[in-house]
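Please look over the sequence and the 3D structure shown here before reading the report.

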Amino acid sequence: MIARYPWKFGVSISLAVGAGLIIWAGLVSTPPEAGANGAIDWPEIELVEIETGFDYPVHITHAGDGSGRIFVVEQAGVIRIIKNGTLLGTPFLNISARVNFSGNPNDEQGLLSVAFPPDYASKNYFYVYYTSRIGADDGDNIVARFFVDDPVNNPDEADPNSEQLVLHLEHQPNSNHNGGQLAFGPNDGYLYLAPGDGGSSNDPPNNAQTTSTLLGKILRLDVETGSPATYTIPASNPFTQTAALDEIWALGLRNPWRFSFDRQTGDLYIGDVGQGAREEIDFQPASSSGGENYGWKILEGTICGTPSSGCTPPANYVPPIADYPRSSPDCSVTGGYAYRGQLYYRMQGVYFYGDFCSGRIRALKYDGSAWQGLLLLDTPQSISTFGEDEAGNLYLAHRAGSGNGAIYQIVDTGVANLSPSTKTVSPTGGDPGQTFSFTITLINSGGQPMTQTTFVTDTLPTGLAYVPNTLTAPFGTYDDTGGLLTWQGKLNPTPTVQITFQVTATGEITDALQNIAEIEGQNAGRYTRSATVFIPGNPIYLPVIFK
Ligand SMILES: [Ca+2]
Ligand SMILES: [Ca+2]
């Protein structure tokens, strides 16, 4: 049959039909596509073009070496560098002579990702994942290590002849479902990769559920301890004591084209491309000890796969945290990242992901009791990947050839807004003489930076006396003389600031004492925030003054 889309990661050769809903208590938890968003203040995102001129960009990352460089992988076998805002003319790496990429827009093969090990700055080697074009290996998946020969004088060029083979995965005869993501776990330093199920349609060999093959899995390898030529098995891998292959970390995946770790928590998000019915996001908390089974091909997303109805979930099954129908214009999920950058308050902790065919960008966030989801933006881009720079800024790639590929940054365009700002006090009560600590937290929840000055004026009530020299703030200017406590500064680029000070209860007035701060920023609103302490009166030793 003719594919409905010219190109798709994990494109189905035939469409699955008759998938039946599974209903069993306590297992399926799918957030709504939109609506029912709890109290989450979602960002209002837009894309800002960063760089163009790429040929089939499929991966974006950084080296974690303090250089600020952004590395962009082009599918034909080239890694390019954006350095100080400029796309360098000479590639970082060009191994197109050994990479199988036809140039056909449908091709899922190629150089698919690069990963830099922890402490790359002192190592100067890195890892790539590609499909080989060499002889009998043609079509096989390769994980290899490459070196930068002269990191002092020429850190922007690696040696294409420095290859060390780490892992060779047989992947024939099918060209689709190569997976392709490499990433180091932020907490354990191990290399994770996710080979696809071996391709064709509906996983004919049942690879994803077969633990004697590495296909259709997430693998966890130790490629750094003791500088092994290839890799060793982490002792804590889940299947070292069973017949299952020791490399396996998790199973039941179809084409986990893009997965990522939350750099702050270590949680793992997996975008697993569906067959014909559901596109899904799987989640693994940082506390996981591995062994999860994500269901394919018994399940596709939250519904039955094979068999198409009445399926029984496998042992250790974990349903997706989100799935959506593979129906036009959606057709292929591109897993993304949980944002941990410093610029956009409302993007904090939000997991962004996309669909290659529709260009839609969706978001997920855990609200404390359930995953909430929202369709954030419909774009014309062919979203092949998301990626982070060192600062945690979030990008995506528009996959196109002939130099028309482009990198965009995701930004929150919401207007500056100080309304989430808070004021607290600790403790909330005490006798005369007690010292209290007040904290004013200024928060700009809008994406637009506050380049104008924000002003805070805090007026202490009678009965509370400022403790000299206790007013602190990480930036801005403040004044604690003249009876008022004032702060002024720009919430840009950091959208939050904490201002603290201490007071003591004089006993001059007892009862509830309210301390009010006025907060004002241009075009961001004017607010008062107060915190109250309670000072019980003491009729024996202190006079009570009634007003
Ligand atoms: Ca084993
Ligand atoms: Ca699944």
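## The model

This is a predicted model, in which local features need pLDDT of at least 70, side-chain atom pairs count only at pLDDT 80 or more, and totals for chains, interfaces and linings use all residues. Residues are numbered from 1 along each chain as its sequence is written, while chains are lettered from A and ligands numbered from 1 in the order in which they are written.

## The whole chain

The protein chain contains 36 strands and zero helices. Strands are DSSP runs of E with at least two residues, helices are runs of H or I with at least four, and both are numbered from the N terminus. The C-alpha trace spans about 95 × 60 × 45 Å along its principal axes.

Of the 547 residues, 46% count as buried (20 or more other C-beta atoms within 10 Å of the residue's own, with C-beta atoms placed from the backbone; 12 or fewer is exposed, and in between is partly exposed). Among contacts (C-beta atoms, placed from the backbone, within 7 Å) with a separation of 6 or more, 64% join residues 24 or more positions apart.

## Two domains

An automatic or database assignment sets the domain bounds: domain 1 covers 45-412 and domain 2 covers 422-535. Their C-alpha centres lie 45 Å apart. Seven residues of domain 1 are in contact with eight residues of domain 2. On the domain 1 side, four of these residues are nonpolar, one is polar and two are charged (nonpolar: Ala, Val, Leu, Ile, Met, Phe, Trp, Tyr, Cys and Pro; charged: Asp, Glu, Lys and Arg; polar: the others, Gly among them).

## Thr52

Thr52 belongs to strand 1, residues 45-54. Thr52 counts as partly exposed because 15 other C-beta atoms lie within 10 Å. Thr52 and Asn404 are 352 residues apart in sequence, yet 6.5 Å apart in space, C-alpha to C-alpha.

Notes: Contact = placed C-beta atoms within 7 Å.
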